[in-house]
Amino acid sequence: MKILFYSPQDDAADYLRDLSNALPDAQFREWHPGDTAHADIAIVWQPVPDVFAGRDDLRAVFNLGAGVDAILALERAHPGTLPRHAQLVRLEDSGMGAQMIEYVTYAVLRYMRRFDRYDAQQTESRWQVVDAWPSATFTVGVLGMGVLGAQVAKALAQFGMPVRGFSRSAREIEGIETFHGEAQFNAFLDGVKVLVNLLPHTPDTRGVLNAQTFSALANGAYLINVARGAHLVEQDLLDALASGQLAAATLDVFHQEPLPATHPFWQHPHITVTPHSSARTLRAQAVQQIARKIDALSRGEPLSGVVDPTRGY
Ligand code: NAP
Ligand code: GLV
């Protein structure tokens, strides 16, 4: 089996070594421009279209992350880019769930216990107790009840705050009040004090974090965006912070990454910026999961984590 690897963000040598150890009978190579030789499988992150040029022999494309928006955007921009017969398979958790729980829990508790206010007070050497938000009314709404969103919602519920979840189809998750579909969106948002975004970026979800959404939340709500920058209408966030409709935001993802040095988010007193690091792809776990699925594929077994391109995730 011949397997291509392409990721502008990773050290290919490390991946090729670990993948070869996991699947000693396969032949791995890094893709370089001009490589059109046969391959059965591609393992990629944010590929350029040429990776797939003339590759209708590919049986599967493994995405080195949970979100496949970059790959599907290629297909939208250049129809016919994706190999016609290949399954597109994304990472399912592979160590990202625990990281996402840590990141979002930290951000939610930071706001609930007012550490954001204490950070600001410390810059003025000001000693002043600020009442914590009572957990019983500090309602958290998690957009996206998939592999990551459901884990985050369950973890937060353990702190005693009411937790809601929103998905496309109906979900039942113990301890979480669930909502689904456009018709229930406003009921989901109503009274939410912290909105956490863990939706995939699709044509349906682009710009979902906008003025209308913010206006349906509790007054002085908090936003935590750990999904994609394209979900957020940036000016609407700045306006909602200026009006007080939102109190603060923690953002891990941006329209343009790296976030340009001149971007207003960097200096905003109520915005916390992290560099797309809430849940990183962990090489050992990713290799293990992909190798297991390649084995299953070669035995003709069905795979989990296969993306439905018409849904966009
Ligand atoms: P997932 O398992 O595919 O879950 C997606 C969830 O979103 C599902 O519950 C799905 O509903 C829901 N959904 C999709 N479209 C919707 C719509 N139009 N309306 C309402 N709900 C909708 O994805 P995941 O593995 O949890 O990952 C989620 C996203 O997190 C990824 O796509 C990626 O963008 C982001 N991410 C970011 C980082 C980071 O470091 N910042 C790391 C990993 C992932 P159904 O349950 O009905 O299908
Ligand atoms: C990271 O952003 C991912 O989608 O895995």
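Helix H3 (96–112), helix H4 (115–123), strand S11 (246–251) and strand S12 (271–273) each supply at least two residues of the lining of the second largest pocket. Helices (H or I, at least four residues) and strands (E, at least two) are DSSP runs, numbered from the N terminus. The largest share of this lining, four residues, comes from H4. The volume of the second largest pocket is about 350 Å³. Of the 20 residues that line the second largest pocket, the closest to its centre are Asp 116, Arg 117, Ala 247, Ala 248 and His 270. By class, the lining has nine nonpolar, five polar and six charged residues. Here Ala, Val, Leu, Ile, Met, Phe, Trp, Tyr, Cys and Pro count as nonpolar, Asp, Glu, Lys and Arg as charged, and the others, Gly among them, as polar.

The model is predicted: local features need pLDDT of at least 70, side-chain atom pairs count only at pLDDT 80 or more, and totals for chains, interfaces and linings use all residues. Residues are numbered from 1 along each chain as its sequence is written, chains are lettered from A and ligands numbered from 1 in the order in which they are written, and side-chain values use heavy atoms, with hydrogens and water left out.

Pockets and cavities were found on a 1 Å grid over the protein atoms alone. A cavity is a set of points where a 1.4 Å probe fits but cannot get out. A pocket is an open set with protein on both sides within 12 Å along at least five of seven lines. Lining residues have an atom within 4 Å of a point. Grid points are joined across faces, edges and corners, and a volume is the space filled by probe spheres set on the points.

By this rule there is one cavity of 30 Å³ or more. The largest cavity has a volume of about 40 Å³. Its lining consists of Phe 62, Asn 63, Val 89, Arg 90, Leu 91, Gln 289, Ile 290 and Lys 293. Strand S4 (60–63) and helix H10 (283–298) are the elements that give two or more residues to this lining. H10 gives the largest share, three residues. By class, the lining of the largest cavity has four nonpolar, two polar and two charged residues.

S4 also belongs to an open sheet of five strands, in the order S2-S1-S3-S4-S5, with parallel pairing. Two strands pair if DSSP finds at least two bridges between them. S2 and strand S5 (87–89) stand at the edges, each with a single partner strand, so one side of each is left without a neighbour in the sheet. The twist averages 20° from one strand to the next. Angles run from 0 to 180 degrees between N-to-C directions, and axes are lines fitted to C-alpha atoms, for helices over the stretch in contact.

S3 pairs with S4 in the parallel sense over four bridges, and Ile 41 stands opposite Ala 60 in S4. S1 and S3 also pair in the parallel sense over four bridges. There, Leu 4 stands opposite Ala 42 in S3. Both faces of S3 are covered: Ile 41 and Ile 43 on one side and Ala 42 and Val 44 on the other are all buried. Buried means under 20% relative accessible area, exposed over 50%, and partly exposed in between (1.4 Å probe, protein chains only). Helix H1 (residues 12–22) lies across strand S1 (2–6), S2 and S3, running at about 175° to S2.

Asp 35 lies in the loop between strand S2 (27–30) and strand S3 (41–44). Asp 35 counts as buried, because its relative accessibility is 15%. Leaving aside neighbours within four places in sequence, Asp 35 is in contact (heavy atoms within 4.5 Å) with Leu 4, Arg 29, Glu 30 and Arg 55.

A second open sheet has seven strands in the order S8-S7-S6-S9-S10-S11-S12, with parallel pairing. Its edge strands are strand S8 (177–180) and S12, and each pairs on one side only. Neighbouring strands are turned by 15° against each other on average, direction ignored. Helix H8 (residues 234–243) packs on this sheet, touching S10, S11 and S12. The direction of H8 makes about 140° with that of S11.

Strand S9 (residues 194–197) and S10 pair in the parallel sense over four bridges, with Val 194 opposite Tyr 222 in S10. Asn 225 is placed in strand S10 (residues 221–225). Asn 225 is buried, with a relative accessible area of 0%. Beyond its neighbours within four places in sequence, its contacts include Asn 197, Leu 209, Thr 250 and Asp 252.
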